[in-house]
Amino acid sequence: MRATTVFSLLSFFLPTAFGSLGGLPDKIYGVNLGSWLVLEPWMLPQEWLDMGGQSCSDCSTCIGTEFAFAKAYPDTVDEIFDGHWTSWFNQPDVDALKANGINTVRIPLGYWIVEALVDRATEFYPRGGLAQLRRGLQQLNAAGIVAILDHHALPGVAAVNQMFAGNCTSTPMFYTDYNYHRALIWTSVMTALSHVDPAFANVVAIEAANEPIMDASKTPGYGNFQKNFVKAVRATEFLLGIQTPGFGAMPVPTNGNFTVMLPQVNGSIFTNEVRSALLDAYPILVELGVVGLSKNRTQLVTNFMDIGWQHNNPANPADAAIGPQGYDNHLYYSFGGVANADPVSYMTSICNLKRVQKDAALGNSPLWFGEWGLPTQFNATDAFLTQWADAQKLMYSQDAGWIFWNFKIEKSKLAGDLARQWSYREGVELGYLTKDPSKYNDPNVCVPYIIPPSSSASVSASPTSASASVSAQPTASASVSASEQTTVSSASTQPSASASA
């Protein structure tokens, strides 16, 4: 079958092609810089212990998060974390990303990177992350790689019992007026930095909140926060001299004190809450030495988890859009609930994925898959992981592109074989992922599994004919021969659902 056949078949499912949005590439080929500025101990278990952390099955019961670490070691936390930030992501990592064709990184950040937002009497986090972010952004910019700033760990904690939230707790408090307000201050500060600070020149998008609680009934006010998030970005940009559709240009004070302009401006983006957030952001920017006019006159892309992330009548983030906006979908089969735990079910499910189309119908486009990986619920052969990588890349490239979790994973005795399915770098070295991210080991990988739209068959059904064996045997174009296949149990190394990024 010709290589173009798969794309012909896929045309049944594809929306119109994605064009460039803001400063984003025409097609995103990206990785997450996870565990850099928001540390998740499961990804570097030996280093975490060496730093002074602890390992436990329930991360709320030991020194298992940045919050717990900073509380336990108040006198040394800043120095210890500075060492981690310097060693975990540095120039050799940037060189490897460039060599592997990566054009975009998503950088998980905690609210505490804006140190003035932290209540030091009750909240405990390391200081000094902003200087490291500046350093990393400049290195990435020199390599031609753009960045999405992801508000991964929010004030008050937005997720239940998750390492990635910064503090492991069963009672997240993000969904309150107080913490929504702090998140908006963070948003305004990051927007101003992205336009005024030369180190942030390659920042093209800001993501409002990583993986909020999936039950929308437990996130009161989140829909209103989405609207205020976009307004805070656009209002800050407007006051920095960036043209905002629907608002005429205004003379901007040369000293950068945009707060003096607030009494003079009106309009839908300048709600009382947004005005208050901008007023609170300005002294922080002054303290950081960031004042002046925008050096980048292109609007940032605002970014949200897509509407499908939540259930129970969630707000549609498309309703918040003012200017360029993109949407983020996270898909991990390894935590269950997506497909039966066997190769054929995985391939049939992924090759008939319609998330792009469903999101587009609700205005959530362009869409990129901001977190995904190669972990499975079963013992995966090298041959299957090669197909699994190809199939996911193929389907996630239907719209704006993809961002793999993670750029690397610790390789140690304690980490075991974790890197095999979670590390992009390891995936390229093992041949599962092609060195050129736009290419495939087998561009026809999905052909045996595609169910035509006219078919009434369930997407969980097995493909017909001898093609069903594709999931277990390498195809002609697979980079790993049958004799080289190894079966490795993922059960002993794969993090639990509570460790989801």
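Helix H10 (residues 343–351) packs against helix H12 (residues 382–396) at an angle of about 15°, with their axes 9 Å apart. That angle makes H10 roughly parallel to H12, a term for angles under 35 degrees. H10 passes H12 in a left-handed crossing, meaning that the near helix is turned anticlockwise from the far one by less than a right angle.

Who takes part in the contact (heavy atoms within 4.5 Å)?

H12 itself is mostly covered, with 15 of its 15 residues buried, that is, under 20% relative accessible area.

This is a predicted model: local features need pLDDT of at least 70, side-chain atom pairs count only at pLDDT 80 or more, and totals for chains, interfaces and linings use all residues. Residues are numbered from 1 along each chain as its sequence is written, and side-chain values use heavy atoms, with hydrogens and water left out.

| Helix pair | Angle | Axes apart |
|---|---|---|
| H10 and H12 | about 15° | 9 Å |
| H8 (residues 222–239) and H9 (residues 272–288) | about 55° | 10 Å |

The crossing of H8 and H9 is right-handed. Here Asn-228, Lys-231, Ala-232, Ala-235, Thr-236 and Leu-239 in H8 meet Glu-273, Val-274 and Leu-278 in H9. This contact has five nonpolar, two polar and two charged residues.

Key. Axes are lines fitted to C-alpha atoms, for helices over the stretch in contact, and angles run from 0 to 180 degrees between N-to-C directions. Helices (H or I, at least four residues) and strands (E, at least two) are DSSP runs, numbered from the N terminus. Angles under 35 degrees count as roughly parallel, over 145 as roughly antiparallel, 65 to 115 as roughly perpendicular and the rest as oblique. Buried means under 20% relative accessible area, exposed over 50%, partly exposed in between (1.4 Å probe, protein chains only). Contact means heavy atoms within 4.5 Å. Ala, Val, Leu, Ile, Met, Phe, Trp, Tyr, Cys and Pro count as nonpolar, Asp, Glu, Lys and Arg as charged, and the others, Gly among them, as polar.
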